[in-house]
Amino acid sequence: MAEIVGGFVVPHNPVMYFNPKGASQEQSDTVYGAYAKMADRIKELKADTAIIIGCDHYILFGTECLPRYVISTGEIEGPVDQLPGIKRAPIASNAALGEHIAQHGFATGFDWTVGRALHVDHSVGIPHHLMVKPNGGMTTVAVMLACGVDPYLPIRRAWDLGENIAEAVAGFPGSDRVVVIGSGGISHHVGDERMGEVNPDFDRKILDIVIQGDKAGMLALTDEEILRDGGNGAMEIRTYACAMAATRAAGGTVVAYEPIPGWVTGMGFAELKVAA
Amino acid sequence: MSRNSLEKVLYDLSTSGANKKLFASDPDKFLGRYQLDDQEKDLVLNYRVRELADRGVNTMLTWGFWLQAGKSNSDYMKIMKREEA
């Protein structure tokens, strides 16, 4: 059977591509070094598939239809919002695993929206480019949660979805070695009057929750607290909740953290342990 | 008053080059496609991003709408902070 062998939480900040000088060289080296370290760790884990849990930024889905959670069950292409050095292109997909997760969800109370030829944005594209693509031959399952546009997916539902993903992977009749990547920034304000503010205290709190595998702490976070202390962009920590649950919340290790106002984001990186 | 239609306009402008061209060349024709009243059309035509955000329009859209027009980020922040741009 397939197995989840590792997990990570990482940012997906497009500003580091558009405004590389917004960070000091030391900060930039720390950030890119963290991505490289995680790519190496994926290689050590001999993973062959990554489930990347991102979120739409009003790029993929418009007011006509705002899905709660989406999974790739066929081809993947992106990022549609191209970045300097990351061009829109096909992403090798593990369609069979995506379809299996969707079917498992349908049978157990999770009505996924499926993308049979799914376009993704930078929330999948950046971690794919920096962590998955360097490990040639890997495939991806893309998951997008409603984190950027309301109505937001409740954190508890994101957690339950992660547990459901874990169940599905464990029942997948293959030998796939899977890593789960929760992709989102911690404190950041996107487009509002507080853009550029970062909150290291909030960021540390979230990273502590992640590395302690603190389900109760994660589920106790209210949207009001997140918006007040972390900003509208911090709603993306739903992806962390989903990744924590998919790895059975066994704790983890902070790989790097940099609060970078010039990149408008608290940039946190952690590796998740996987419960035996 | 519809936050939804305002968001649809800004989403359509941020995701389609053809829409951007039409908005630039014939904004009244472009905005005529949407269920907007005259006040709402004025907010879009004049890039009144602060008022758009005050009406609940997602600020990812207001920011993108501003930048796609070639306007500066520093001016955007002044407007959002209710300072003189």
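## The nonpolar core

The largest nonpolar core has 112 residues. Such a core is a set of buried Ala, Val, Leu, Ile, Met, Phe, Trp, Tyr and Cys residues joined through C-beta atoms within 7 Å. A residue counts as buried if 20 or more other C-beta atoms lie within 10 Å of its own, as exposed if 12 or fewer do, and as partly exposed in between; the C-beta atoms are placed from the backbone. Val143(A), Leu145(A), Ile181(A), Ala241(A), Cys242(A) and Ala243(A) have the most contacts inside this core. Its largest share, eight residues, comes from helix H5 (residues 155–170) of chain A. Helices (H or I, at least four residues) and strands (E, at least two) are DSSP runs, numbered from the N terminus.

## The model and its confidence

This is a predicted model: local features need pLDDT of at least 70, side-chain atom pairs count only at pLDDT 80 or more, and totals for chains, interfaces and linings use all residues. Residues are numbered from 1 along each chain as its sequence is written, while chains are lettered from A and ligands numbered from 1 in the order in which they are written.

The pLDDT is the predictor's confidence in each residue, from 0 to 100. Chain B has a mean pLDDT of 95, and 99% of its residues reach 70 or more. For the complex, the predictor gives an ipTM of 0.93 and a pTM of 0.97.

## Helix H9 of chain A

Helix H9 (residues 238–246) of chain A is mostly covered: nine of its nine residues are buried. Among them are Arg238(A), Thr239(A) and Tyr240(A). Ala243(A) is in contact (C-beta atoms, placed from the backbone, within 7 Å) with Gly7(A), Val9(A), Ile53(A), Gly162(A), Val180(A), Ile181(A), Gly182(A) and Leu272(A), leaving aside its neighbours within four places in sequence. Just after H9(A), Arg248(A) takes a positive phi of about 65°.

Two strands pair if DSSP finds at least two bridges between them. Strand E1 (residues 3–10) of chain A runs antiparallel to E9(A), joined by three bridges. Here Phe8(A) has Glu271(A) as its bridge partner.

Two cis peptide bonds can be listed. Gly78(A) to Pro79(A) is cis, with omega near 0°. Pro79(A) is in the loop between strand E3 (69–78) and strand E4 (89–91) of chain A. Asp150(A) to Pro151(A) is cis, with omega near 5°. Pro151(A) is in the loop between strand E6 (139–145) and H5 of chain A.

Tyr58(A) is not a glycine, yet has a positive phi of about 60°. Tyr58(A) is buried, with 22 other C-beta atoms within 10 Å. Tyr47(B), not a glycine either, has a positive phi of about 50°. Tyr47(B) is partly exposed, with 17 other C-beta atoms within 10 Å.

## Where the chains meet

The contact takes 13 residues from chain A and 15 residues from chain B. The chain A side divides into five nonpolar, six polar and two charged residues. Ala, Val, Leu, Ile, Met, Phe, Trp, Tyr, Cys and Pro count as nonpolar, Asp, Glu, Lys and Arg as charged, and the others, Gly among them, as polar.

Conventions:
Contact = placed C-beta atoms within 7 Å.
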